[in-house]
Amino acid sequence: MSEVMPACKNLKVQFVANDLTNDKSISASVAELKKNNLYNTVKETKATGIILLVDAKTKKLVKQISVAEPSADIIKEITAAQS
(Lines give C-alpha, C1' and ligand atoms only; values in the text may rest on other atoms or scores of the structure.)
Protein backbone atom coordinates (compact mmCIF):
# COMPACT_ATOMS: atom_id res chain seq x y z
CA MET A 1 0.00 0.00 0.00
CA SER A 2 3.00 2.28 0.41
CA GLU A 3 3.18 2.51 -3.39
CA VAL A 4 -0.55 2.36 -4.09
CA MET A 5 -1.82 5.18 -1.89
CA PRO A 6 0.57 7.87 -3.22
CA ALA A 7 -0.11 6.78 -6.80
CA CYS A 8 -3.85 7.28 -6.22
CA LYS A 9 -3.61 10.69 -4.54
CA ASN A 10 -5.10 12.48 -7.56
CA LEU A 11 -7.98 10.03 -7.90
CA LYS A 12 -11.33 10.37 -6.21
CA VAL A 13 -10.68 7.59 -3.70
CA GLN A 14 -10.64 7.33 0.04
CA PHE A 15 -8.71 4.64 1.87
CA VAL A 16 -10.33 3.32 5.04
CA ALA A 17 -8.54 0.60 6.98
CA ASN A 18 -10.33 -2.43 8.39
CA ASP A 19 -7.62 -3.80 10.68
CA LEU A 20 -8.62 -7.19 12.11
CA THR A 21 -5.38 -7.70 14.07
CA ASN A 22 -6.81 -7.51 17.60
CA ASP A 23 -9.81 -6.27 19.57
CA LYS A 24 -8.44 -2.72 19.83
CA SER A 25 -7.76 -2.40 16.09
CA ILE A 26 -11.12 -3.98 15.28
CA SER A 27 -12.95 -1.45 17.49
CA ALA A 28 -11.09 1.45 15.88
CA SER A 29 -11.85 0.08 12.41
CA VAL A 30 -15.54 -0.39 13.18
CA ALA A 31 -15.76 3.23 14.34
CA GLU A 32 -14.03 4.48 11.18
CA LEU A 33 -16.16 2.28 8.92
CA LYS A 34 -19.35 3.50 10.58
CA LYS A 35 -18.18 7.11 10.33
CA ASN A 36 -17.72 6.61 6.58
CA ASN A 37 -21.01 4.73 6.21
CA LEU A 38 -19.21 1.55 5.10
CA TYR A 39 -19.72 -0.77 8.03
CA ASN A 40 -22.78 -2.56 6.65
CA THR A 41 -21.00 -3.13 3.34
CA VAL A 42 -17.92 -4.79 4.81
CA LYS A 43 -19.05 -6.22 8.16
CA GLU A 44 -19.27 -9.79 6.85
CA THR A 45 -15.77 -9.66 5.38
CA LYS A 46 -13.41 -11.47 7.72
CA ALA A 47 -10.59 -12.05 5.25
CA THR A 48 -7.31 -10.21 5.65
CA GLY A 49 -4.87 -9.05 3.02
CA ILE A 50 -7.52 -7.71 0.71
CA ILE A 51 -8.62 -4.38 -0.68
CA LEU A 52 -12.33 -3.85 -1.08
CA LEU A 53 -13.43 -1.33 -3.66
CA VAL A 54 -16.78 0.16 -2.65
CA ASP A 55 -18.92 2.51 -4.73
CA ALA A 56 -19.09 5.80 -2.81
CA LYS A 57 -22.68 6.52 -3.83
CA THR A 58 -24.33 3.12 -3.50
CA LYS A 59 -22.01 1.70 -0.81
CA LYS A 60 -21.99 -1.57 -2.76
CA LEU A 61 -18.90 -3.73 -3.11
CA VAL A 62 -17.42 -3.32 -6.58
CA LYS A 63 -14.37 -5.54 -6.41
CA GLN A 64 -12.05 -7.39 -4.07
CA ILE A 65 -8.29 -7.34 -4.72
CA SER A 66 -5.52 -9.21 -2.93
CA VAL A 67 -2.75 -7.02 -1.52
CA ALA A 68 -0.38 -9.69 -2.89
CA GLU A 69 -1.09 -8.44 -6.41
CA PRO A 70 1.58 -6.19 -7.92
CA SER A 71 1.11 -2.53 -7.00
CA ALA A 72 0.74 -1.56 -10.66
CA ASP A 73 -2.18 -4.00 -11.02
CA ILE A 74 -3.87 -2.69 -7.87
CA ILE A 75 -3.52 0.90 -9.09
CA LYS A 76 -4.94 -0.12 -12.46
CA GLU A 77 -7.98 -1.74 -10.79
CA ILE A 78 -8.61 1.26 -8.55
CA THR A 79 -8.35 3.61 -11.53
CA ALA A 80 -10.69 1.43 -13.62
CA ALA A 81 -13.26 1.30 -10.82
CA GLN A 82 -13.69 5.06 -11.08
CA SER A 83 -15.14 4.79 -14.56
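Predicted model: local features only at pLDDT ≥ 70, side-chain atom pairs only at ≥ 80, totals over all residues.

Trainee: OK, strands. How do β1 and β2 run, and how many bridges join them?

Mentor: They're antiparallel, with 5 bridges between β1 (residues 50-54) and β2 (residues 61-66). Strands here are DSSP E runs of at least two residues, helices are H or I runs of at least four, and both are numbered from the N terminus. Two strands pair if DSSP finds at least two bridges between them.

Trainee: Which residue in β2 is the bridge partner of valine 54?

Mentor: Leucine 61. The hairpin has 6 residues between the strands, and lysine 59 there takes a positive phi near 65°.

Trainee: Switching topic: how many salt bridges does the structure hold?

Mentor: It holds 2, where a salt bridge means a side-chain nitrogen of Lys or Arg within 4 Å of a carboxyl oxygen of Asp or Glu. In one, lysine 35 pairs with glutamate 32, with the closest N and O atoms 3.9 Å apart. Both lie in helix α2 (residues 23-35), 3 residues apart, about one turn of the helix.

Trainee: Is lysine 35 buried or exposed?

Mentor: Lysine 35 counts as exposed, at 64% relative accessibility. The cut-offs are under 20% relative accessible area for buried, over 50% for exposed and partly exposed in between, using a 1.4 Å probe and protein chains only. Glutamate 32, at 31%, is partly exposed.

Trainee: And what does lysine 63 pair with?

Mentor: Glutamate 77, at 3.2 Å from N to O. That pair links distant parts of the chain, 14 residues apart: lysine 63 sits in strand β2 and glutamate 77 in helix α4 (residues 71-81).

Trainee: Last topic. Which residues make up the largest nonpolar core?

Mentor: Val4, Cys8, Ile51, Leu53, Ile65, Ile74, Ile75 and Ile78, 8 residues in all. The largest share, 3 residues, comes from α4. A nonpolar core is a set of buried Ala, Val, Leu, Ile, Met, Phe, Trp, Tyr and Cys residues joined through side-chain atoms within 4.5 Å.

Trainee: What does isoleucine 75 touch?

Mentor: Leaving out residues up to four places away in sequence, isoleucine 75 touches Glu3, Val4, Ala7 and Cys8. Contact means heavy atoms within 4.5 Å.

Key
Residues numbered from 1 in each chain as written. Heavy atoms only, no water.
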